[in-house]
Amino acid sequence: MRLGLVASLNRPGGNVTGVTFITTELMAKRLDLLSELVPQAATVAYLAAPRSAVGQAMLSEILAAAGALGRQLAVAEADSERELETAFATFVERRSGALVVGAAVLFDSHRDKLVALAARHKLPAIYQAREYVLDGGLMSYGASYQDAFRLGGRYVGQILKGVKPADLPVEQSSRTELVINMKTAKTLGIDVPPTLLIRADELIE
């Protein structure tokens, strides 16, 4: 709704419907999980999505969460692949001890580069989806892409049968998952606390 694509989630109207992810609401939880994993990180980097209504909402959420946890936040935006390098240079300059990666199509498109940059700078990072962790990222917490694709596929079938998009409420993929790459944790010299191991939905060895 923040993007103005639909009138409401229950009654989208027009010719648009689909599946939305829980994203903004999880920013505080991502920071909390990362702080539990790397409690010594006084300054946490935040790779922000390009300026948009959603991007600003995510930034507001994580700023509030950082204040509550007593963490300094080093924020850098990236609107292109080249700016990813610049953002990490900022994080290093600010002596960041950990990294939260925001949610953006750009970041998903270059997740291999983001994972590589985090590894190069030895920054423990948390991402929005398990796909980053499969590529070698340390940890993710967010909505399941597979669950969202399943919901979206069901809608495609209904629309192909003649149902109007305006009559299909926008569904929200509410299944969240915590995934940890144990090999990456070992490389970074991080001992994952038992409290996180127990809560993880998946541990990648």
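Predicted model: local features only at pLDDT ≥ 70, side-chain atom pairs only at ≥ 80, totals over all residues.
Let's start with the strands. Seven of them build an open sheet with mixed pairing, and their order is β3-β2-β4-β5-β6-β8-β9. At the edges sit β3 (72-77) and β9, each of which pairs on one side only. On average, neighbouring strands of this sheet are turned by 20 degrees against each other, direction ignored.

What holds such strands together? Strands of a sheet pair through backbone hydrogen bonds, and the pairing can be parallel or antiparallel.

Helix α1 (residues 27-37) lies across β2 (43-48), β4 (98-101), β5 (125-127), β6 (139-143) and β8. The angle between α1 and β6 is about 160 degrees.

Helix α3 (residues 81-93) lies across β2, β3 and β4. Against β3, helix α3 runs at about 160 degrees.

## A closer look at L203

The bridge partner of L203 is I180.

Is L203 buried, partly exposed or exposed? L203 counts as partly exposed because its relative accessibility is 36%, a value between the cut-offs of 20% and 50%.

Which residues does L203 touch, if we leave aside its neighbours within four places in sequence? They are I180, M182 and L197. You can also see how the fold brings separate parts of the chain together: L203 and V179 are 24 residues apart along the chain, yet their C-alpha atoms are separated by 5.9 Å.

## The second largest pocket

Finally, let's visit a pocket. The second largest pocket has a volume of about 160 Å³. Its lining consists of 13 residues, and those nearest its centre are A118, A119, G136, T184 and L188.

Where does this lining come from? The elements that give two or more residues to the lining are α5 (111-120), β5 and α8 (182-187). The largest share, three residues, comes from α5. Strand β5 is also one of the strands of the sheet, and helix α1 lies across β5 too.

What kinds of residues make up the lining of the second largest pocket? Eight are nonpolar, four are polar and one is charged.

Definitions and conventions
Residues numbered from 1 in each chain as written. Heavy atoms only, no water. Buried < 20%, exposed > 50% of the residue type's maximum accessible area, 1.4 Å probe, protein only. Contact = heavy atoms within 4.5 Å. Pairing = 2+ DSSP bridges. Helix = DSSP H or I, 4+ residues; strand = E, 2+ residues; numbered from the N terminus. Axes fitted to C-alpha atoms, helices over the stretch in contact; angles between N-to-C directions. 1 Å grid on protein atoms, 1.4 Å probe; cavity = no way out; pocket = protein on both sides within 12 Å on 5 of 7 lines; lining within 4 Å. Points joined across faces, edges and corners; volume = space filled by probe spheres on them. Nonpolar A, V, L, I, M, F, W, Y, C, P; charged D, E, K, R; others polar.
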